[in-house]
Amino acid sequence: MGENEFENKIKELSGVIDRRDIKLSEEEIDERWKLDSERALLRRKHRILWNSVSIAVAACAVIAFLTWHTDFVPSEIDTIEHYALSQRPAADNTATDIRLIMADKTEMSVGGEESYIDYTLKGKIVVDSDTIDEISDDSAPRFNQLIVPHGRRTRLRLSDGTRMYVNSGTRVVYPLTFGTGNRTVFVEGEAYFEVAKDAERPFIVKTGSVSVRVLGTKFNVFAYQDENPNVVLVEGSVDVATSQTQRRLKPGQKVEISGDGLGEPEKVDVESYISWTNNELIYDDEPLASVFRRLQTYYGFTFDIRCDISRVRISGRLSLAENPADVLSAISFAVPVEISSDNTVITVTAK
C-alpha cells in the first residue's frame, strides 16, 4: 500500500468514527491520523528489521556451509594446486630415472630399481642411502615434486609419517613439512596412501577436479590424464568430493569420477586395484582392451590393435617386475592374439 492510499484510509476511518456520533474535532482527527500513521510505520519497521535478521541468519548459515565445503571441495585453487599447475616441468618421455625436483628448483635423478624417499628426519631428505640437507626458506611455500616415469615405481614417506606408493607415469607435489592446518598433496597419476592418523590435521589428496579427505586410512587414487579417475578404499573412511557431488566410502568400495560428478560407491575386490604396489597386475575376467590400457600406462607402450578384441576377456596375474617382453608373451599365450613389438609400439593381430 502506497503512502497516499494509506493516508486516505486513515482519514476515511476517522471520518466514519465521526459520523457515528462519536464527536471528534478536526484537530482530534488529525491527531489520531498522525498517531495511527506512526504506529503503522513502527510495525513496518519491525517487520523489515525481522526480515533482515532472518536473511542475515540464513546468509550466515550459507557462508558457514560454503566455508566448510570450500575447504574440502576444490572450487578455488589453493596454494599447492596453484604451485602444481604453474610449476609443471617439461615432459620427458625418454626419461628412465625418477626425478625429484626440490623447492629451490634443483633436481636429483633417482635410478634405483626400488627407490625409497624419506622426509621424516627433520631437516633432511633421505633417498635410498643418500642424505640431502633441506634448504630452508620460510618466506615462501616449500614444495617438492616427485616424477615417476613409465616402467618405474617408488615409495615415499612424508614428513608426518604418511606412506605413499607412487606408480608409473605419476607426478606428486607435496610440502617439505606440514603446518598446523590440513595436510594436502597433489597427484597426477596413481598413488596408494597409508595415512598417518592426526585428528587435528585432516589429510587431503587433490587431483585437480577431485578431493579425497581423510584422518588416517588406506586408499588408492587413480587419476591419470585421459582416464576416468577413481578412488578405492581399503581401510577406514574417506570423503570424496567434486565441485558438484560428495560421497563417503566404506572399506572395499570404489567410486568413479566423471567430469564434476561422482558415481555411486560400488563393492570391488580391492586387491586387483592395489596389486601394483607389489609389482603385480591382477585381473579377473577383465576385457583385454582394459589390460592393454593398464600396461600402456605402466610401461609407456603404444598399442596398435589390428583385430577385434572387444569380446576377449582374461583372468590371471602378471609380474610387473619382469621384462615387459615376457609380460606380453604371457598374455599372447593366454589369449588368441599375436603380439609383436618395435621399441615402444606394440602390434596386436589375430592368431
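Start with Glu280 and Arg317, whose side chains meet in a salt bridge at 2.8 Å, N to O. Glu280 sits in strand β20 (residues 280–287) and Arg317 in strand β22 (residues 313–319), so this pair ties together parts that are 37 residues apart in sequence. Keep in mind that you're looking at a predicted model.

**Salt bridges**

- Neither end of that pair is buried: Glu280 is partly exposed at 25% relative accessibility, and Arg317 is partly exposed at 49%.
- Searching the whole structure turns up 17 salt bridges.
- Another of them joins the side chains of Glu81 and Lys206, at 3.7 Å from N to O. Glu81 belongs to helix α3 (residues 79–86) and Lys206 to strand β11 (residues 203–206), so here the linked parts are 125 residues apart in sequence.
- Are Glu81 and Lys206 buried or exposed? Glu81 has 3% relative accessibility and counts as buried, because the cut-off is under 20%. Lys206 also comes in at 3% and counts as buried.
- There's a network too: salt bridges link Arg88, Arg171 and Glu188.

**Around strand β4**

- On one side, β4 pairs with strand β3 (residues 115–118) in the antiparallel sense, over 2 bridges. Across that pairing, Asp118 stands opposite Val126.
- The β3–β4 hairpin has 5 residues between its strands, and Gly123 takes a positive phi near 80° there.
- β4 also pairs with strand β5 (residues 130–133), again antiparallel, over 4 bridges. This hairpin has 2 residues between the strands, with Asp128 at a positive phi near 55°.
- Asp133 is exposed at 53% relative accessible area, whereas Lys124 is partly exposed at 30%.

**Around strand β9**

- How many residues of β9 are buried? In this strand (residues 170–175), 6 of 6 are.
- Both faces are covered, with Thr170, Val172 and Tyr174 on one side and Arg171, Val173 and Pro175 on the other.
- β9 runs antiparallel to strand β6 (residues 143–148), joined by 6 bridges, and Phe143 partners Pro175.
- Another 3 bridges join β9 to strand β10 (residues 183–194), also antiparallel, where Val173 partners Phe186.

How values were computed. Residues numbered from 1 in each chain as written. Predicted model: local features only at pLDDT ≥ 70, side-chain atom pairs only at ≥ 80, totals over all residues. Heavy atoms only, no water. Pairing = 2+ DSSP bridges. Buried < 20%, exposed > 50% of the residue type's maximum accessible area, 1.4 Å probe, protein only. Salt bridge = Lys/Arg side-chain N within 4 Å of Asp/Glu carboxyl O.
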